[in-house]
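Please work through the exercises below with the sequence and the 3D structure at hand, trying each task before reading its solution.

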Amino acid sequence: MHAMRAFVVVCTAHALIAPPVRLRERTAPRATSGDYLAGLGQSTIEEVDAVVIGCGPAGLAAAVELKRRGFDRVVALERREAPDEFEVAKAYLYLVDRRGQRWTDAVGATDGIRARGVSNEGFSLTRIYPDEKGIFPTKPVLARPGAAQAVWIPRASLLAALAERAAHDGADLRFGVSVDGLRAADDGAVDIACGATTLRTPLVVGADGARSRVRDFLAKELPASSFEPRELASPSAGLTYKMLQVPPSFDVTNKTDGSSFTTRSRDAYTVPSRSTKPNTRRLRLGLLPSRDPELPRTANIIRPANHEIWGCATGAEVREFLRSEFPQLPDAVVSDEACEAFAIAEPGAFPSPQYVETVAATVGAARCFLVGDAIHAFPPDLGQGVNAALEDVKTLGDVLDDQNAVAAYQAARAPAAKAIAHLVQRGFPYQYDQSVWRQRLFTVGLVGRVAANALAAKLLPEKIAKRVAPPPAAFSVIDGEDYVGVWKHIKRATRATAALAVAVLARAVI
Ligand SMILES: Cc1cc2nc3c(=O)[nH]c(=O)nc-3n(C[C@H](O)[C@H](O)[C@H](O)COP(=O)(O)OP(=O)(O)OC[C@H]3O[C@@H](n4cnc5c(N)ncnc54)[C@H](O)[C@@H]3O)c2cc1C
Ligand SMILES: *[C@@H]1O[C@H](CO)[C@@H](O)[C@H](O)[C@H]1NC(C)=O
């Protein structure tokens, strides 16, 4: 059934994705050694123009971008067996926002993504209560007008769309290949061990995620540069997560009158537990909009390590917990298998917000670029992982023709990586029921900033208002504004507020 779905996905994608941009042929410089057999007992050398390592969203987008920029032989390597494997642990939804769409627009992929996703326009959340409050839709409080055009798309669907596009454009995608050996070749290129062959390339894109091997390789080759991730503290770092699988559509009980209500895959739901007091049992299951009525859905469960749900060691214990906390969910909603899978799944932990300072470098004569989680990783508080990655790829494409592409990419993306890590650190970290009081304090601060910004906007010219009282960082980020600019405004406003506080205090004392 899985293969069948993959087949349907591949067939329909052709029709969905806009025709590729016309390719400008270009032959990138080749390694000069004509030797295809590097020696006895060694593997065959395959000379290519670019190698992308990792086929997550960043890597697949980079493959598309390299083809678009005229690179001829582009190979992308991925250790997973298939582009769109459904991985329960990674079955989250991406919200491709304005920032990410700058790249998808540039390559004409936005329509294809829209066709597999659900628009954020008119986003509403239906609450399914465990008591007589019943079931009713609500509007989110923090809806951003700028996010109306954003698209919800499951990771697997986004990867399928991008892989299809990259293959269609002529990129050579190789799955089931785990890269562990990168080596600086004698002639200035980089050699990458890839099964029985060795790829020799003058251009490497490291898109292999937060624990990047490409980054390790660069750190080894260039010990003077800084490739060590810098970690920042965050209230959401280290939270435990697991995914609970549910059917695309299922019946729940409307506890107002006992009637049955059928959920739709395209709608978003939140399912609060019977425990409402802040304690180690209170929970909310969240389901985000998914277009494909065939794709299973997952409720992300993200809670501190002391939550009781993590104590469930068997499927039966998970079932017991669900029955007692979620009487609105009939047993059929979560299968016995899903309970069991949840119980035995290895829990994930959110990373600390982190960034690296060197994001591109030259090894010998080979140009190496890092994109995506390899240069910035953080908890998904602001949903920026995929959007930051696509912005990296857009910048990479824009500078590739540059004589000094490495320096240009470094100058553009290193500050951005640092800024987004800091913005996530402050943006919206208390969404996971970590601490009621801090959550409240954070909300008060947020409301205060919104009010100050609204007031400043009324009284002052726009530019000055933005300096004195910028909107909350989370808003500007979601609106697609430049990370570096947003962070600069926030820092300045924080300093101004501190100075003001000191002045007020001083007056009070004197
Ligand atoms: C629970 C959770 C929820 C999240 N929710 C969101 C969200 O709502 N919105 C959002 O934007 N982001 C979210 N993120 C973050 C998001 O997943 C990442 O930011 C995004 O996937 C980064 O893309 P990437 O391509 O850089 O890295 P990845 O998606 O990690 O892809 C890297 C790829 O490289 C492959 N690889 C790694 N090493 C090798 C190797 N040696 N050889 C071959 N292949 C290799 C891996 O198999 C993987 O496929 C979430 C993350 C988590 C953990
Ligand atoms: C739940 O039941 C109540 C009472 O009959 C009704 O008013 C409400 O609309 C129902 N909710 C849904 C989503 O059907």
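Predicted model: local features only at pLDDT ≥ 70, side-chain atom pairs only at ≥ 80, totals over all residues.

Residues are numbered from 1 along each chain as its sequence is written, chains are lettered from A and ligands numbered from 1 in the order in which they are written, and side-chain values use heavy atoms, with hydrogens and water left out.

**Exercise 1. Describe the surroundings of ligand 1 and the area that the protein buries.**

Step 1. Begin with the shell, where a residue counts as near if one of its heavy atoms lies within 4 Å of the ligand. Ligand 1 is surrounded by 29 residues, and the closest are Glu78, Tyr92, Tyr94, Arg155 and Asp373.

Step 2. Sort the shell by residue type, taking Ala, Val, Leu, Ile, Met, Phe, Trp, Tyr, Cys and Pro as nonpolar, Asp, Glu, Lys and Arg as charged, and the others, Gly among them, as polar. For ligand 1 this gives 14 nonpolar, eight polar and seven charged residues.

Step 3. Look for polar contacts (pairs of N or O atoms within 3.5 Å). An oxygen atom of ligand 1 lies 3.0 Å from a polar side-chain atom of Arg80, a nitrogen atom of the ligand is 2.8 Å from a backbone N or O atom of Val179, and a polar side-chain atom of Asp373 is 2.7 Å from an oxygen atom of the ligand.

Step 4. Consider accessible area, computed by the Shrake-Rupley method with a 1.4 Å probe. Ligand 1 exposes 1,000 Å² when taken alone, and the protein buries 91% of that.

**Exercise 2. Which residues surround ligand 2, and how is this shell divided by type?**

Step 1. The residues around ligand 2 are Ile135, Asn254, Thr256, Asp257 and Phe261, and they divide into two nonpolar, two polar and one charged.

Step 2. Oxygen atoms of ligand 2 are found 2.4 Å from a side-chain N or O atom of Asn254 and 2.6 Å from a side-chain N or O atom of Asp257. The protein covers 50% of the 360 Å² of accessible area that ligand 2 has on its own.

**Exercise 3. Locate the nonpolar surface patch and state which helices supply it.**

Step 1. Patches are made of residues with over 30% relative accessible area and no salt bridge, nonpolar side chains being joined within 5 Å and like charges within 9 Å. Leu455, Leu459, Leu460, Ile464 and Val468 form such a nonpolar patch, with about 470 Å² of accessible area together.

Step 2. Helix 11 (436-459) and helix 12 (462-468) each supply at least two of the patch residues, helices here being DSSP runs of H or I with at least four residues, and strands runs of E with at least two. Leu455 belongs to helix 11 and is exposed, at 53% relative accessible area.

Note on methods: Polar contact = N/O pair within 3.5 Å; in protein donor to acceptor, adjacent residues only side chain to side chain. Salt bridge = Lys/Arg side-chain N within 4 Å of Asp/Glu carboxyl O. Buried < 20%, exposed > 50% of the residue type's maximum accessible area, 1.4 Å probe, protein only.
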